Amino acid sequence: MRKNSFIKNGFLLTVINMIAQLIQLYLEIWYSKILGSQGIGLFQLMMSIYCLAMTLAMGGYSIAVTRLTSKNIELKGVKSARNAVKKTMLAALITSGFISVLLCTFAEYICLNRIKSSYMILPLQILALALPPMALSVCIDAYFITVGKIKTIGTITLFSRLVNVFFAYKFINMMSYSFTGKCTAITFSSLITEILSLLLSLIFFCFYDKTEKNPSHTPFKDVFSISMPICAGAALRSFLNMLQNMLIPWGFIKYGLSETEAMANYGIIKGMAIPVIVFPATLMSSFLALLIPEISKAYETGDKGKISRAVIKSSSVTIIFSVALTGIYIFYGEELGRAIYGDYSAGKYIKILAPLTTFMFLDDVVDSTLKGMNEQIYSLKINVIESAVRVILLFILLPHTAVTGYVFVIFFGNILNFVMSYCRLSQIADVYIDIKNWLIKPILIITFCGYISKIIIPFKTCGLGVLVFSIISVMAVYILLCIKTGCFKNTGVKN
């Protein structure tokens, strides 16, 4: 993928994902309002179990598609790459179908004995049915991203979000008579969305370039050699993440909070504050989705210089961008919580968790690079170690510190993951971080911009429109000052 094409596709995918994630964030905010803080906490517990099932069902197949497609296109042609995708899809269908049956069968036991709630039995069974179409869609999406069909991905993504909104509104209005009804409506709309999205993806896939003759065939062992190690590590990490989510309400109750208070606090942090914190990652995830095949192609051809340039450029932009977000969340966190959820408590945690953005976003860049360089096993080891450390710390700290301990564990886990990942990357690629231009200067600039905006506008008395305008203005001034003060030096990005 040429440089201009990479930037063009990255920008296009960013715009598409931003629109899609705005719709998704709107849905999550709406869900939190209709379910309440306690209800969204319970829903998040169910989703942590479902995430483990998704990991087992999808089994690293997206990475397998990316790697095999990049390799086959470079060496054998498009049709050979399509055959590799078909083999991967067949493996994904078998795996996801098996996991779907298991989850449907044991949903009642899981909900009654692990979540301690009968409300989630039917919603979890409905979500189980969405696993096969979801696994197949992930394979096709990875293929389209790798071959640069960004408009196709955009069409599918926006279609799925709009369909989800339509059916969510329709079903919730029909089934809003109870908490179980609301959760069932939410999950059933997700199931319909996955099925319709898969149908659209298959239509695009079937009509895409099929001109090549005599394509080579990809054996299943090539698919599983990439996907199975990823699946094993990811499944272990998902299991540990599920265990974390189970431990959090347990620890709050051991500390002395009531079951209602424990679930409400968990819901505010996990279901309200964190989604706002990670939402801007959409801007970076678009380029990261393109970065993996870009790095993979450079790795296959042994172009170490290209790998280093791509990592340095991605890292620098990520750090400068995330520093700005950290400042935005610190200065406007409480106001964002009030404007989005009508709740200052959610805003308080947005403000507290703000410094996480730099570590989280930069770790995403490093992780994508490692996957592109065939270091996915090492990356998974790091993720598993981090999750295991979190479980141990939560078990020890939460009964004595409750929410304070939970926040500490979130910070410690993210920083630990980043440090281990970056150390590994620095061993196999020529990378560096310009502390002065990428970190210190941007921190000073966003601090200056934030304080000035706070002096000019009394945010506690202003509406959402003024708040959004102020944040956009601060970001614009921040970018301008970063350019003028040379923050983009040594990044490979032209001012």
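**Reading the side-chain contacts**

Analyst: Glutamate 386 is buried, with a relative accessible area of 4%. Buried means under 20% relative accessible area, exposed over 50%, and partly exposed in between (1.4 Å probe, protein chains only). This is a predicted model, in which local features need pLDDT of at least 70 and side-chain atom pairs count only at pLDDT 80 or more, while totals for chains, interfaces and linings use all residues. Residues are numbered from 1 along each chain as its sequence is written, and side-chain values use heavy atoms, with hydrogens and water left out.

User: With which residue does glutamate 386 form a salt bridge?

Analyst: A salt bridge is a side-chain nitrogen of Lys or Arg within 4 Å of a carboxyl oxygen of Asp or Glu. Here the partner is arginine 390, and the closest N and O atoms are 2.8 Å apart. Both residues lie in helix H14, four residues apart, about one turn of the helix. Helices (H or I, at least four residues) and strands (E, at least two) are DSSP runs, numbered from the N terminus. An α-helix has 3.6 residues a turn, so residues three or four places apart point the same way. Arginine 390 is buried too, at 14% relative accessible area.

User: How many salt bridges are there by this rule?

Analyst: The count is three. In another of them, glutamate 335 meets lysine 454 at 3.0 Å, N to O. That pair links distant parts of the chain, helix H11 (residues 304-341) and helix H16 (residues 435-456), 119 residues apart. Glutamate 335 is buried at 4%, whereas lysine 454 is partly exposed at 30%.

Glutamate 375 and arginine 424 also form a salt bridge (3.1 Å, N to O). Glutamate 375 lies in the loop between helix H13 (356-372) and helix H14 (376-401), and arginine 424 in helix H15 (residues 403-428), so the pair ties together parts 49 residues apart in sequence. Both residues are buried.

User: Over which ring does the charged end of arginine 424 sit?

Analyst: A charge sits over a ring if NZ of Lys or CZ of Arg is within 6 Å of the ring centre and within 35 degrees of the ring normal. The charged end of arginine 424 sits over the ring of tyrosine 378, 4.7 Å from its centre.

User: Is helix H13 largely enclosed or open?

Analyst: Of its 17 residues, 14 are buried, so H13 is largely enclosed by the rest of the structure. After H13 comes asparagine 374, whose phi is positive, near 65°.
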